[in-house]
Amino acid sequence: QVQLVESGGGLVQVGAFLRLSCAASGRTFTSEAMAWFRQAPGKERDFVAAIRGSSTNYRRSVQGRFTISQDNAKNTVYLQMNSLRPEDTAVYFCAAGAQYVSASPDHYNYWGHGTQVTVSS
């Protein structure tokens with residue numbers, strides 16, 4: 001059974017940083033994309049970043065602030081989030097299984113349960 005487990009969320013102030021982790025078990029995703037999405041209350045789930053090998057894709061509003069990386073030995077994907085803003089507040093979900101670094105949630109077959117990130121002003 002494939003599982004994706006996110007960790008690293010929390011409550012921080014504007015300008016702070018957080019590092020989210022997503023540990024996969026049950027299979028590896030070395031040849032498929034893994035990604036982060038986020039969902040704020042009352043809003044749709046939005047793409048944040050994706051990675052597949054050396055290819056990455058970022059939401060425009062996080063470019064230069066967030067960095068996605070992957071440790072294949074640990075079957076884990078990370079999201080380093082710097083210079084956090086109140087608009088980054090959301091539940092962050094890990095996703096895996098797309099054939100490329102897609103921004104569409106429909107292309108990902110596996111999802112975690114999410115971790116809350118709250119940025120206070």
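Which residues line the largest pocket?

**View 1. The largest pocket of this predicted model.** The largest pocket is lined by R38, Q39, A40, K43, E44, D46, R59, P86, E87, T89 and A90, and its volume comes to about 160 Å³. When these lining residues are sorted by class, 6 are charged, 3 are nonpolar and 2 are polar. Rolling a probe the size of a water molecule over the atoms shows where empty space is left.

**View 2. A salt bridge between R59 and D46, two residues of the pocket lining.** Side chains of opposite charge can pair when their charged atoms come close. R59 and D46 form such a salt bridge, in which the closest N and O atoms are 3.7 Å apart. This pair links distant parts of the chain, since R59 sits in the loop between β6 (55-58) and β7 (66-71), while D46 belongs to strand β5 (residues 45-52), 13 residues apart. R59 counts as partly exposed because its relative accessible area is 28%, and D46, with a relative accessible area of 27%, is partly exposed as well.

**View 3. A salt bridge between D88 and R65, and the network around it.** D88 meets R65 in a salt bridge whose closest N and O atoms are 2.8 Å apart. The two residues come from distant parts of the chain, D88 from the loop between β8 (76-81) and β9 (90-98) and R65 from the loop between β6 and β7, 23 residues apart. D88 has a relative accessibility of 0% and therefore counts as buried, and R65, at a relative accessible area of 7%, is also buried. Salt bridges that share partners join R38, R65 and D88 into one network, and R38 is one of the residues that line the largest pocket.

**View 4. A salt bridge between E32 and R27.** The side chains of E32 and R27 meet in a salt bridge, with 2.1 Å from N to O. In the whole model the count comes to 4 salt bridges.

**View 5. The hairpin of β7 and β8.** Strands β7 and β8 run antiparallel and are joined by 6 bridges. Within this pairing, T67 stands opposite Q80 in β8. The hairpin has 4 residues between the strands, and N75 takes a positive phi near 55° there.

**View 6. Aromatic pairs.** The count of aromatic pairs comes to 4. One of them is formed by F29 and Y110, an edge-to-face pair with 5.6 Å centre to centre and 65° between the planes. The pair links distant parts of the chain, with F29 in the loop between β3 (18-25) and β4 (33-39) and Y110 in strand β10 (residues 110-111), 81 residues apart. F29 is buried, at 1% relative accessibility, while Y110 counts as partly exposed at 25%. The rings of F37 and F47 have centres 5.6 Å apart and planes at 75°, and so this pair is edge-to-face. Because F37 lies in strand β4 and F47 in strand β5, the pair ties together parts that are 10 residues apart in sequence. F37 counts as buried at 0% relative accessibility, and F47 counts as buried at 8%. Ring pairs also link F37, F47, Y108 and W111 into a cluster.

Definitions and conventions:
Residues numbered from 1 in each chain as written. Predicted model: local features only at pLDDT ≥ 70, side-chain atom pairs only at ≥ 80, totals over all residues. Heavy atoms only, no water. 1 Å grid on protein atoms, 1.4 Å probe; cavity = no way out; pocket = protein on both sides within 12 Å on 5 of 7 lines; lining within 4 Å. Points joined across faces, edges and corners; volume = space filled by probe spheres on them. Nonpolar A, V, L, I, M, F, W, Y, C, P; charged D, E, K, R; others polar. Buried < 20%, exposed > 50% of the residue type's maximum accessible area, 1.4 Å probe, protein only. Pairing = 2+ DSSP bridges. Phe/Tyr/Trp six-rings, centres within 6.5 Å; stacked < 30°, edge-to-face > 60°.
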